[in-house]
Amino acid sequence: MAEALAEARRAAAEGEVPIGAVVVFDGRVVGRGRNARERLGDPTAHAEILALQEAARALGRWRLTGAVIYATLEPCPMCAGALVNARIDRLVYGVPDPKAGAAGTLFDIPRDARLNHRLEVTSGVLAQECGEILKEFFRGKR
């Protein structure tokens with residue numbers, strides 16, 4: 001999660017909402033992502049999506065079975081769906097998202113038995129740090 005927080009800090013430095021994500025496979029980081037919607041002008045440039053894309057390139061496959069993704073904020077529906085589609089084994093996130101959280105708060109896409117894949121979810125990891133970087137960013141915007 002410390003690596004995901006580092007990505008979130010990079011996003012904040014670029015003027016993006018500070019959310020970071022990393023994908024780990026066999027004990028090594030194979031994908032990194034940070035919010036880049038403003039920089040790239042792309043509504044899908046969420047931290048998790050970019051981390052999944054980099055991991056898929058690094059591993060040479062779209063099925064990311066055996067991988068864990070660490071994200072500073074609970075994934076939105078788009079990102080949670082991407083985690084299911086990528087066959088990620090486990091999601092670890094810092095803080096819940098009361099407005100768009102799709103891994104237990106508003107929806108529970110990663111554990112929905114109706115879908116073809118489910119993943120383990122762990123929340124609250126480095127929650128204080130993950131929450132503080134978001135609060136600090138939005139305080140500066142007001």
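**Figure 1. Packing of helix H4.** The buried residues of H4 pack against helix H3 (47–59), E3 and E4. In this predicted model, local features need pLDDT of at least 70 and side-chain atom pairs count only at pLDDT 80 or more, while totals for chains, interfaces and linings use all residues. Residues are numbered from 1 along each chain as its sequence is written, and side-chain values use heavy atoms, with hydrogens and water left out. Helix H4 covers residues 77–85, and its buried residues are Cys79, Ala80, Gly81, Ala82, Leu83 and Val84. Buried means under 20% relative accessible area, exposed over 50%, and partly exposed in between (1.4 Å probe, protein chains only). Helices (H or I, at least four residues) and strands (E, at least two) are DSSP runs numbered from the N terminus. Arg87 follows H4 and has a positive phi, near 65 degrees.

**Figure 2. Strand E3 and its two partners.** Strand E3 spans residues 67–73, and six of its seven residues are buried. E3 and strand E1 (residues 20–25) run antiparallel and are joined by five bridges. Phe25 has Ala67 of E3 as its bridge partner. E3 and strand E4 (residues 90–95) run parallel, again with five bridges. Here Leu73 is bridged to Val95 in E4. Two strands pair if DSSP finds at least two bridges between them.

**Figure 3. Surroundings of Ala21.** Ala21 lies in strand E1. Its relative accessibility is 0%, so Ala21 counts as buried. With neighbours within four places in sequence left aside, the residues in contact with Ala21 are Ala4, Glu7, Gly31, Arg32, Gly33, Ala47, Glu48, Ala51, Ile69, Tyr70 and Ala71. Contact means heavy atoms within 4.5 Å. Phe138 is 117 residues from Ala21 in sequence, and their C-alpha atoms are 19 Å apart.

**Figure 4. Positive phi at Asp26.** Asp26 sits in the loop between E1 and strand E2 (28–34). Its phi is near 50 degrees, a positive value in a residue other than glycine. Asp26 is exposed, with a relative accessible area of 68%.

**Figure 5. Positive phi at Leu126.** Leu126 belongs to the loop between strand E5 (120–123) and helix H5 (127–141). Although Leu126 is not a glycine, its phi is positive, about 50 degrees. Leu126 is partly exposed, at a relative accessible area of 35%.

**Figure 6. The whole chain, for orientation.** Five helices and five strands make up the elements of the chain, in the order α-β-β-α-α-β-α-β-β-α from the N terminus. The radius of gyration is 14 Å, close to the 14 Å that the globule rule gives for 142 residues, so the chain is as compact as a globular protein of that length. This radius is taken over C-alpha atoms, and the globule rule is 2.2 Å times the number of residues to the power 0.38. Along the principal axes, the C-alpha atoms fill a box of roughly 40 × 30 × 30 Å. Of the 142 residues, 49% are buried. Among contacts with a separation of 6 or more, 56% are between residues 24 or more positions apart.
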